[in-house]
Amino acid sequence: MKIDTKDVLHIADLARLALTEEETALYTEQMCNILSYVDKLSALDTKDITASHQEASEGAALREDVVAPSLEGEKVLQNAPEKANKCFRVPRIIE
Amino acid sequence: MKYEAVIGLEIHSQLLTNTKIFCGCSTRFGAAPNSQVCPVCLGLPGALPVLNGKAVEFAVEMGLAVECTINRESVFARKNYFYPDLPKGYQISQYDKPLAEHGTLQIETDDGRRNIGVTRIHMEEDAGKLIHGEGAEDGGHSFVDLNRACTPLIEIVSEPDMRTPEEAVAYLKGMRDIILYLGISDGNMEEGSFRCDANISIRPVGQTTLGTKAELKNMNSFKFIKDGLAYEIERQIDLIEGGGHVVQETRLFDSARGITLAMRGKEEAHDYRYFPEPDLKPLVITEELIERARKSLPELPVAKKERFIKEYEIPTYDAGVLISSRVLAEYYEAVVKATAEAKLSSNWVMGEVLRALKEDNREIGECPVSAHNLAELILMVKKGIISNTIAKEVFAEMYKTGGKAHEIVSKKGLSQISDESALVAVIDEVLSKNADSVERYKAGEQKLLGFFVGQVMKGTKGQANPGLVNKLLKERLKG
Amino acid sequence: MDLTSKTIAGLSEMLQKRELTSKEAAGLYLERIAALDPSINSYITVTTESALADAEKADKRLASGTDITPLTGVPISVKDIFCTEGLKTTCASRMLEGFIPPYDSTVIKKLKDAGAVILGKTNMDEFAMGSSTENSAFGSTLNPWAEDRVPGGSSGGSAASVAADLCAASIGTDTGGSIRQPASCCGVVGLKPTYGRVSRYGMIAFASSLDQAGPLTKDVKDAAIMLGLMAGRDNCDSTSIDASVPDYAGSLQDNIKGLRIGIPNEYFIEGMDKETEGLVREGIKTLKDAGAVIVDISLPHTEYAVSVYYLVATAEASSNLARYDGVKYGQRVDIGSGLIDMYKATRDAGFGAEVKRRIMLGTYALSSGYYDAYYKKATDVRALIKNDFDEAFKTCDVIATPTAPAPAFKIGERTSDPLTMYLSDIFTISCNLAGLPGISLPCGLTEAGLPTGLQIIGKFLGEQDVLNTAYAYEQARGPITQKPKL
């Protein structure tokens with residue numbers, strides 16, 4: 001699979017990464033290399049495989065609907081880069 | 001050209017669990033910002049979700065109530081996108097293997113009953129709340145409150161089976177009624193615990209392919225949904241007739257202006273990169289859970305309505321009103337059980353009871369007159385102890401004080417005079433005072449009977465049993 | 001013998017006999033860290049104050065003689081990927097510089113409850129993405145055996161701190177070899193348990209379906225002790241396994257007569273380091289001499305493991321790392337042009353090159369139009385790899401392989417070529433993809449004095465077999481006399 005700068009910029013946008021021109025060029029080349037390496041998978045016949053991402057045998061363990069203590073006040077916002085009005089503050093969002 | 005609309009609806013309904021879907025934080029509404037959060041719903045590094053069993057039960061009940069197939073194994077998936085109200089940068093939802101599929105909901109339209117397909121019901125977590133700042137200090141910012149983040153939701157997706165705004169509203173009301181009957185959500189549209197988005201397109205009548213659809217959001221009442229859809233249908237028709245075409249986009253309903261507007265924010269092509277949530281094993285629903293949920297299902301609105309019509313022989317209209325909430329229907333049934341008077345009870349519940357509650361802005365659950373007490377009142381009328389008119393007076397008093405009918409009647413001396421000797425005395429007095437009228441009656445002026453009855457009632461302050469008065473008067477006037 | 005080179009078992013004995021206090025032990029390690037770690041750089045944060053407080057508490061516990069575990073009062077280090085309440089947790093990323101978790105990960109809580117003294121948080125590749133610890137935002141860690149070489153990764157700080165006697169033992173995490181490969185590079189024991197054996201709650205996620213915590217120790221018995229204290233079902237982690245935890249250390253035994261050890265031919269590949277191959281084959285012979293039966297097996301899909309791994313792990317990582325958006329914690333760079341630019345600037349400044357590369361790759365593997373060809377395909381092949389092991393374990397009880405194709409490489413040697421770097425995990429990755437337990441044991445030094453690792457892989461929840469095989473090897477091999485020259 002060949003990917004170009006345009007693809008790389010689109011992916012970077014989806015991933016919310018700002019790439020410099022240099023990075024874009026480097027990642028385009030490196031991703032091409034890695035993708036052509038992993039392309040060996042396409043040679044394998046997997047159409048009969050029903051891969052479950054995890055053992056489903058017992059299924060998810062469920063939690064009882066009982067209230068547990070929440071975090072104490074100042075611990076919630078202690079790591080916030082910006083906070084005000086008991087909230088996390090972000091640049092204004094236009095809808 | 002004649003057009004028809006094609007409408008599909010997506011409902012998000014919060015579930016009335018005590019705790020969030022993936023953590024033990026409370027879901028209570030109205031707490032101080034960010035006071036009901038923990039490492040999990042804050043999306044702290046290292047935190048992991050654990051599924052709330054109650055939320056699963058509720059979702060299964062909903063699936064069964066609208067005749068869905070419950071998938072024995074469903075899979076949670078991550079829906080990836082960045083937004084400040086989404087703390088992990090992905091929403092845990094279900095994607096290609098939802099909890100329930102292939103259901104149906106019956107609605108009533110002007111052209112009779114119709115089945116609307118339910119494509120799927122899946123479980124997911126809600127996002128937090130964004131507050132947009134105002135004023136010099138806060139105007140440039142938005143504020144994130146994560147109390148709501150991770151609240152359990154079910155998303156109910158319909159087939160594009162509705163053709164008019166009225167049908168859409170009928171479907172939504174039907175779904176909301178079921179949700180309320182099941183008691184799995186409070187169905188509050190204003191607070192956002194019951195939300196609806198619509199996909200809407202138009203096409204010439206007769207065409208089978210679909211037109212380009214717009215997604216409509218921000219309609220938080222049945223009226224707004226009706227108005228928003230009606231506006232959007234006209235807008236799309238005007239566009240096409242004017243030689244333009246509909247653009248696939250998200251539009252917001254502006255309730256103040258009654259119009260829909262394309263979202264202002266730059267809308268990018270979404271690529272949510274769904275993949276199975278590795279932090280949660282597939283959700284396995286056992287036969288046992290399904291049976292338990294099936295057994296716990298209450299009789300649902302449509303079935304209840306049909307039974308009321310058949311069993312109680314009340315008009316369709318009455319049945320429709322009485323089943324509008326599960327509590328009201330139960331109230332009515334309790335009254336009928338005690339009185340064996342289906343129509344009389346229906347008149348009372350739909351008349352006095354609902355009117356008083358409406359004036360008072362109260363729900364049936366908060367009615368000061370219990371079903372038991374109302375039944376007693378109705379029985380007093382039936383037995384002729386009080387007249388219908390007096391009964392309304394007594395009801396007003398019962399509503400005000402919460403007292404019992406017989407206590408109020410006896411305290412106020414309101415019971416009907418059914419003692420013949422007492423009545424005969426009053427009748428004789430009336431007849432002797434109106435000798436000339438007696439003559440005219442005897443001469444054939446039969447309509448004067450009403451006048452005599454009126455006088456007797458007046459003489460007894462309305463407490464005379466009208467039937468008995470009639471009978472006695474006729475006897476006396478014969479002689 | 002220097003006290004700092006003692007095992008957990010050795011220290012615990014002294015502590016319980018009151019020949020040494022925990023506070024004295026912690027002091028010795030802290031002194032050694034102060035003297036040696038400025039050059040080795042195995043710790044990101046040394047938590048002197050809380051360590052001494054932990055030690056005092058442990059001493060009281062030891063004095064009371066009740067509720068004592070083999071770890072009570074023993075100074076250990078922990079990889080800076082585990083959330084520690086009130087102690088900086090960075091994951092070796094600028095993104096989390098200054099982040100102070102308001103909660104303890106389950107593993108940390110368990111170790112604290114056992115009375116462990118935490119000396120500090122060890123260096124690693126940023127978000128555990130790497131095989132050399134060169135991807136740390138806080139500088140590389142040097143290999144104590146050769147200062148111009150990497151200690152392996154991503155738990156390179158943990159492995160180096162154990163090898164350099166800067167702690168009695170450490171804990172790391174292993175997503176594709178991140179415990180075993182550095183253990184091999186630094187000549188220590190590193191155990192990755194069965195996926196789900198140890199809770200992941202509070203362990204900062206790299207690839208959720210592969211990550212697993214485990215110990216890095218000076219010998220096999222210590223690994224058994226640590227695992228016993230770390231393992232178990234956790235209600236906060238729905239993927240943790242609901243199975244009782246055996247007394248690994250108590251059940252440890254070196255009799256492997258008749259034990260069938262499978263040797264997969266796919267793990268002795270062309271181009272691998274000859275010396276390494278020789279030492280590993282010698283190790284296998286030692287096991288044979290101790291009574292094990294050597295069986296040739298095949299794991300035919302081995303050659304696809306690296307590809308599968310770099311698609312599955314990066315896909316999960318691209319999603320796991322979306323929460324670092326500058327809103328709730330960590331760094332924020334706001335250039336004043338709105339939300340999306342804030343996200344991009346924050347993530348650009350906060351993440352290092354390798355993390356960005358993997359986020360890009362993972363985002364691509366999940367993106368519209370490529371999901372089936374990459375992510376879905378990779379999960380399908382993952383099932384084939386798992387199946388290989390199921391088949392192999394029909395004819396053997398454990399599997400022995402080299403841990404890595406070569407000893408520790410030179411710092412900077414592979415940074416410019418990600419693919420070559422990825423290939424250093426070629427022998428460890430399958431174990432993660434199949435969710436199986438694996439251990440790396442020191443099996444001798446090369447001519448240049450570099451450690452080599454022998455890997456033993458076990459069945460699902462077969463940790464006891466793995467530990468017993470390793471213990472038998474260790475007994476037969478005899479004590480290691482060489483130490484790194486520091």
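Over chain A the mean pLDDT is 88, with 88% of residues at 70 or more. Because the model is predicted, local features need pLDDT of at least 70 and side-chain atom pairs count only at pLDDT 80 or more, while totals for chains, interfaces and linings use all residues. Residues are numbered from 1 along each chain as its sequence is written, and chains are lettered from A and ligands numbered from 1 in the order in which they are written.

Now for chain B, with its 17 helices and 16 strands (DSSP runs numbered from the N terminus: H or I of at least four residues for helices, E of at least two for strands). Its C-alpha trace spans about 100 × 55 × 55 Å along the principal axes. Of its 479 residues, 42% are buried, meaning that 20 or more other C-beta atoms, placed from the backbone, lie within 10 Å of a residue's own.

Look next at an open, antiparallel sheet of three strands in chain B, ordered 5-4-15. Strand 5 (90-94) and strand 15 (275-276) of chain B are at the edges with a single partner strand each, so one side of each has no neighbour in the sheet. Pairing takes at least two DSSP bridges; strands 4 and 5 of chain B, running antiparallel, have five. B:Ala77 sits opposite B:Ser93 in strand 5 of chain B.

Note on methods:
pLDDT = per-residue confidence, 0-100. Buried ≥ 20, exposed ≤ 12 C-beta atoms within 10 Å, placed from the backbone.
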